[in-house]
Amino acid sequence: MVLADNLIEASSSVSCMLFFSGILRRVAVKVSKVCNDLRLLASGPRCGLGEVNLPPMAPGSSIMPGKVNPVIPKVLNMCCFDTIGSDITVCCGAEAGQLELNVMEPVIIYKLFTSVLVLTRGMNILRGRCVSGITANRERCHEMVHSSIGIVTALLPHIGYKKCTEAAAKALKEKRPVADIVVELGYLDKAKVEEHLQLEIMCGPPAKKRKT
């Protein structure tokens, strides 16, 4: 906290507090979105995405035996909701400063300090009890990638758009891996399909062509 450059402007307006509250709200929205992503990516154990494993911090679900709830991301979600609500209070307090008489400063300051405290504690808990222990569910990720129809896009430079479309449609209809369909239709041999559908190639940056 520092002394305002213009004390007259600072006493007649709470714009700086309103601006700071907006920053806190933005942080809360972004962090809450990250927590939502973690909850989805860890959903399961079998019917969800299940791409990552969150550290188990609770004995399990009260209604579904064997399921471990993502309680730590939920904690920060609630912290973020509280901060977003506090921002609304700050907005109302700033709007209520009629005739430059800011009688609502006490509740504005109270909400700002509360938001900083709640967000700080929530993010520290997320980092220490969740993020630092996240692991990838490698088998599940491998299964989802290789059963995906979309990976046929990696074969576009090699067999063309029309053949890729035909292979994708057949794989979707028959519920089979698209790699098997491409080989079966004779568009590429198995060795070439495995070469072009490597995870490192599909997920990494495109290889640069060497100048000759």
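Student: A crossing is left-handed if the near helix is turned anticlockwise from the far one by less than a right angle, and right-handed if clockwise. Which hand does the crossing of helix 3 and helix 4 have?

Tutor: The crossing of helix 3 and helix 4 is left-handed. Helices here are DSSP runs (H or I, at least four residues), numbered from the N terminus. This is a predicted model, in which local features need pLDDT of at least 70 and side-chain atom pairs pLDDT 80 or more, while totals for chains, interfaces and linings use all residues. Residues are numbered from 1 along each chain, and side-chain values use heavy atoms, without hydrogens or water.

Student: At what angle do helix 3 and helix 4 pack?

Tutor: The angle is about 165°, and the axes are 9 Å apart; axes are lines fitted to C-alpha atoms over the stretch in contact, with angles from 0 to 180 degrees between N-to-C directions. Helix 3 and helix 4 are therefore roughly antiparallel (over 145 degrees).

Student: And how do the axes of helix 2 and helix 4 cross?

Tutor: Helix 2 (residues 15-41) and helix 4 (residues 105-129) cross at roughly 30°, their axes coming within 11 Å. This pair is therefore roughly parallel (under 35 degrees), and the crossing of helix 2 and helix 4 is left-handed.

Student: Which residues in helix 2 meet helix 4?

Tutor: Among them are F20, L24, V27 and V31 in helix 2, while helix 4 contributes residues including I108, L112, V116 and L119. By class, the contact of helix 2 with helix 4 has 15 nonpolar (Ala, Val, Leu, Ile, Met, Phe, Trp, Tyr, Cys and Pro), one charged (Asp, Glu, Lys and Arg) and two polar residues (the others, Gly among them).

Student: New topic: is S32 buried or exposed?

Tutor: S32, found in helix 2, is buried (under 20% relative accessible area), because its relative accessible area is 5%. Leaving out residues up to four places away in sequence, S32 touches N77, C80 and F81 (heavy atoms within 4.5 Å).

Student: What else is C80 in contact with?

Tutor: Beyond its neighbours within four places in sequence, C80 is in contact with A28, V31 and L119 as well as S32.

Student: Which residues touch the most other members of the largest nonpolar core?

Tutor: L76, C80, L126 and C130 do, out of 19 residues; such a core is a set of buried Ala, Val, Leu, Ile, Met, Phe, Trp, Tyr and Cys residues joined through side-chain atoms within 4.5 Å. Helix 2, helix 3 (71-95) and helix 4 each supply at least two residues of this core, and helix 3 gives the most, with six.

Notes: Parallel < 35°, antiparallel > 145°, perpendicular 65-115°, else oblique. Buried < 20%, exposed > 50% of the residue type's maximum accessible area, 1.4 Å probe, protein only.
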